[in-house]
Amino acid sequence: MRLKGRSHGSTWTCSACGAENDEALQVCSSCGGDRAGDLALPQSPESDTFEDKLLLPEPSPEPVDIEEEEKEAERGEPEVPFQPSTIISSPLSAIETTPLPAPDPTFQPTPEPASQPMGEGRYYLVFVNTPAHSLVKSKVPIEFDVFPVITIGRSPENVVVVPDQEVSRKHAELTAEGSKLVLKDLKSKNGTFVYDGKKFEQVTGSVEVKPNTILKFGTGTIVRLVSE
């Protein structure tokens, strides 16, 4: 520390920054260093005030290669293979629901009561004579609500099965047409007949039949159409 005399008083020189300070000061008026130990360090060029930093010129941006950018634009971005997005299930899908019961394969709907022709009740075929003696006087119901066409013949596929070798496999059929019952021969080998009170008349096509009419299929099976 050096002291210099002046006409108006003594001063001291800061060993840190070299500034001249008045004798009465205990710290450097320039750098703030302590007079006793000269502990102040020289100010760094980075210690500029905020106002000084605002006046500093901004660094110039790095040069951009325009041609290189145009080439990259022509090449385009690399194609990224499509990746399916993960499907996020709705929260509602987590709700457990009670499964519907499987349908019962053995379920059979209950048939409604038979709709009989106007003015008549339920119809039956009563066996009067047949080679199968066990069927004599037996009564077979005619259910048009279940079978719109009542087929008659020797084959088990018929609605009314007649175990007679003189009866064709598909011999005849009965249908309901409004209030009428119609009997039709299915080109049987030994014919279908209707008793007119005196004799059996052969059916060549279709004929209307009424309750208590006697029918014959082939040569030996005779039945009566009845209603209740």
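Modeller: Buried means under 20% relative accessible area. The model discussed here is predicted.

Colleague: Is Thr175 buried or exposed?

Modeller: Thr175 is placed in strand E8. Its relative accessible area is 15%, and the limit for the buried class is under 20%. Thr175 is therefore classed as buried.

Colleague: Which residues is Thr175 in contact with, leaving aside its neighbours within four places in sequence?

Modeller: Thr175 belongs to strand E8, and 6 bridges join E8 to strand E9, residues 180–185. Leaving aside neighbours within four places in sequence, the contacts of Thr175 are Phe144, Pro148, Val149, Lys180, Leu181 and Val182.

Colleague: In which sense do strands E8 and E9 run?

Modeller: Strands of a sheet pair through backbone hydrogen bonds, either parallel or antiparallel. Strand E8 covers residues 172–177 and strand E9 covers residues 180–185. Ala176 stands opposite Leu181 in E9. The two strands, joined by 6 bridges, run antiparallel.

Colleague: Which strands are the edge strands of the open sheet?

Modeller: The open sheet is formed by 5 strands in the order E7-E6-E8-E9-E12, with mixed pairing. An edge strand here pairs on one side only, and this applies to strand E7 (160–161) and E12.

Colleague: Is Ser155 buried or exposed?

Modeller: Ser155 is found in the loop between strand E6 (149–153) and E7. Not counting residues up to four places away in sequence, Ser155 touches Val161 and Arg169. Because its relative accessibility is 3%, Ser155 counts as buried.

Colleague: Is Thr204 buried or exposed?

Modeller: Thr204 lies in the loop between strand E11 (200–202) and strand E12 (206–209). From C-alpha to C-alpha, Thr204 and Leu186 are 9.3 Å apart in space and 18 residues apart in sequence. The relative accessibility of Thr204 is 80%, so Thr204 counts as exposed.

Colleague: Which residue is the bridge partner of Phe193 in E13?

Modeller: Strand E10, residues 192–195, pairs with E13 in the antiparallel sense over 3 bridges. In E13, the bridge partner of Phe193 is Lys216.

Colleague: Which residue in the turn between E13 and E14 has a positive phi?

Modeller: E13 pairs with strand E14, residues 221–227, over 4 bridges in the antiparallel sense. Within this pairing, Ile214 stands opposite Arg224 in E14. The two strands form a hairpin with 3 residues between them, and a positive phi of about 75° is found in the turn at Gly218.

Colleague: What is the class of the aromatic pair formed by Tyr195 and Phe200?

Modeller: The count comes to 1 aromatic pair. Tyr195 and Phe200 lie 5.0 Å apart, centre to centre, with 55° between the planes. Planes under 30 degrees apart count as stacked and over 60 as edge-to-face. The class of this pair is thus tilted.

Colleague: Which residue lies over the face of Phe200?

Modeller: Phe200 is partly exposed, with a relative accessible area of 27%. At 4.8 Å from the ring centre, the residue over its face is Lys216.

Colleague: What share of the 228 residues in the protein chain is buried?

Modeller: The protein chain contains 2 helices and 14 strands. It exposes about 17,100 Å², of which carbon and sulfur atoms supply 54%. Of the 228 residues, the buried share is 27%.

Methods
Residues numbered from 1 in each chain as written. Predicted model: local features only at pLDDT ≥ 70, side-chain atom pairs only at ≥ 80, totals over all residues. Heavy atoms only, no water. Buried < 20%, exposed > 50% of the residue type's maximum accessible area, 1.4 Å probe, protein only. Pairing = 2+ DSSP bridges. Contact = heavy atoms within 4.5 Å. Areas by Shrake-Rupley, 256 points an atom, 1.4 Å probe, with all protein chains shown as cover. Phe/Tyr/Trp six-rings, centres within 6.5 Å; stacked < 30°, edge-to-face > 60°. Lys NZ or Arg CZ within 6 Å of the ring centre and 35° of its normal.
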